[in-house]
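Let's take a friendly walk through this model, starting with its pockets and moving on to a helix and some aromatic rings.

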Amino acid sequence: MWYNNILETIGNTPLVKLNKLTKDIEATVLAKIETTNPGNSIKDRMAIKMIEDAERNGKLKPGGTIIEGTSGNTGMGLAISAVIKGYKCIFTTTDKQSKEKVDALKAFGAEVIVCPTDVEPEDPRSYYSVSTRLERETPNSWKPNQYDNLSNSAAHYEQTGPEIWEQTEGKITHLVVGVGTGGTISGTGKYLKEKNPNIKLWGIDTYGSVFKKYKETGIFDEKEVYPYITEGIGEDFLPKNVNFDLIDRFEKVTDKDAALMTREIARKEGIFAGNSAGAAIAGLLQLKEHLKPQDLVVVIFHDHGSRYMGKMFNDDWLRERGFLEDEKLTAKSILAKREPQEMVTIDSEKTVLEAINTMKALYISQIPVTQKGMVIGRVTESDILNALLENPAIKSSKVSSIQTASFPFVDLNTSIDKISGLINKENSAVLVEDIDGKIEIITQYDIIGAISG
């Protein structure tokens, strides 16, 4: 048996029992592994449904251009379908999304426009607004609008819900889903509740999103909205696909817990899933006291871990956000291991001769240059030597005339590996702001001292 094209392989994804991560949960927990779809995410299901519905109602015509605001996964599903069906794609996304997601969309021939995250949806720069403008300006184009297009929920009502019901032989008691557009939880949940109204739908939300408060109070609180790191879930508006009447409760998960749990899924279950799966498992663990031994929980694992290599699976990225603390030396521990010292600087208005005298007196080979107390550059022995060879009279000129770019700044949580990589022929040191806001310099000598000490 073979398939006529890749689109026929969408759906029928496996249900896999979780064991180590859920050892403290009395219920049986199963993960719906949506990474086996051709675009490695659950969004393939609704992407093809939205396209086929638009073809039927005449909104999408032959040779047309699909324009959508997407964090990556819906774009991937649309792009794959477009390749097979002969459409062009233009996607807008946010600068919060991982580079891997953007590169993956481009791999299928899509044009991708990256927009700022930290703006209101109505702002003309937002990825919602830019996609709407492009649709208006592009002839023969169609915007699926995954947030408000009810074909999104319908895809899960027709496919995901029946699959889960059959795979669990109707024994499912709880469905746990990270909520973004709302299509997965609302469509799947509608089908399951029609089969058994007692099935509980738990939506996983993130801090900075409006869903949980709106569900509990009916109030859309703009003060709840602020930037967050977790990808694929939460929103700063209310998509039409989120059926709040169906969803029994929302549980918020922190960025840190979601990121670290994403890694744990790979390390403890051998399943390479994305950030929203980490959030879903972290949320489920927060709700474990509500579960009984006879319960059967299904958690949706929306997408693949390969989309997050530069983020959740990157130690330095996690350290920079204070999410990861391990045995490795960091800028903070290097400073702690050495004797307290005052960083020597020179003002940009001082003369080159004064810089020479300072370096001689203190036996140092480089000095950060400041202006009004702020580090703006540096001078090194070689900078001074090269300048003097060209023009001996430069000794009386200002330091600013020969300064070069500042040493790189690093975070206190930056690992020793990354710091070592930054110290090279061009950079003999790095700068770091300590917990009191004071600028410190770390040299190769400090790194050697920290390792040997």
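## The largest pocket

Helix α6 contributes the most to the lining of the largest pocket, with three residues. Helices (H or I, at least four residues) and strands (E, at least two) are DSSP runs, numbered from the N terminus. A pocket here is an open set of points on a 1 Å grid over the protein atoms alone, where a 1.4 Å probe fits, with protein on both sides within 12 Å along at least five of seven lines; lining residues have an atom within 4 Å of a point.

The largest pocket has a volume of about 810 Å³, volume being the space filled by probe spheres set on the points, which are joined across faces, edges and corners. Its lining has 50 residues, and Tyr-128, Tyr-228, Gly-234, Glu-235 and Asp-236 are the closest to the centre. Two or more lining residues come from each of α2 (73–85), α4 (127–137), β7 (174–178) and α6 (183–195). By class, the lining has 18 nonpolar, 21 polar and eleven charged residues; Ala, Val, Leu, Ile, Met, Phe, Trp, Tyr, Cys and Pro count as nonpolar, Asp, Glu, Lys and Arg as charged, and the others, Gly among them, as polar.

## How the model is read

This is a predicted model, in which local features need pLDDT of at least 70 and side-chain atom pairs count only at pLDDT 80 or more, while totals for chains, interfaces and linings use all residues. Residues are numbered from 1 along each chain as its sequence is written, and side-chain values use heavy atoms, with hydrogens and water left out.

## The second largest pocket

The second largest pocket holds about 530 Å³ of space. Of its 27 lining residues, Arg-338, Gln-341, Thr-443, Tyr-445 and Asp-446 are the closest to the centre. Helix α15 supplies the largest share of this lining, six residues.

## Aromatic rings

Tyr-157 and Tyr-191 form an edge-to-face aromatic pair, 5.8 Å centre to centre with 75° between the planes. Rings of Phe, Tyr and Trp (its six-membered ring) pair if their centres lie within 6.5 Å, and planes over 60 degrees apart count as edge-to-face. Tyr-157 lies in α5 (residues 151–167) and Tyr-191 in α6, 34 residues apart.

Methods. Phe/Tyr/Trp six-rings, centres within 6.5 Å; stacked < 30°, edge-to-face > 60°.
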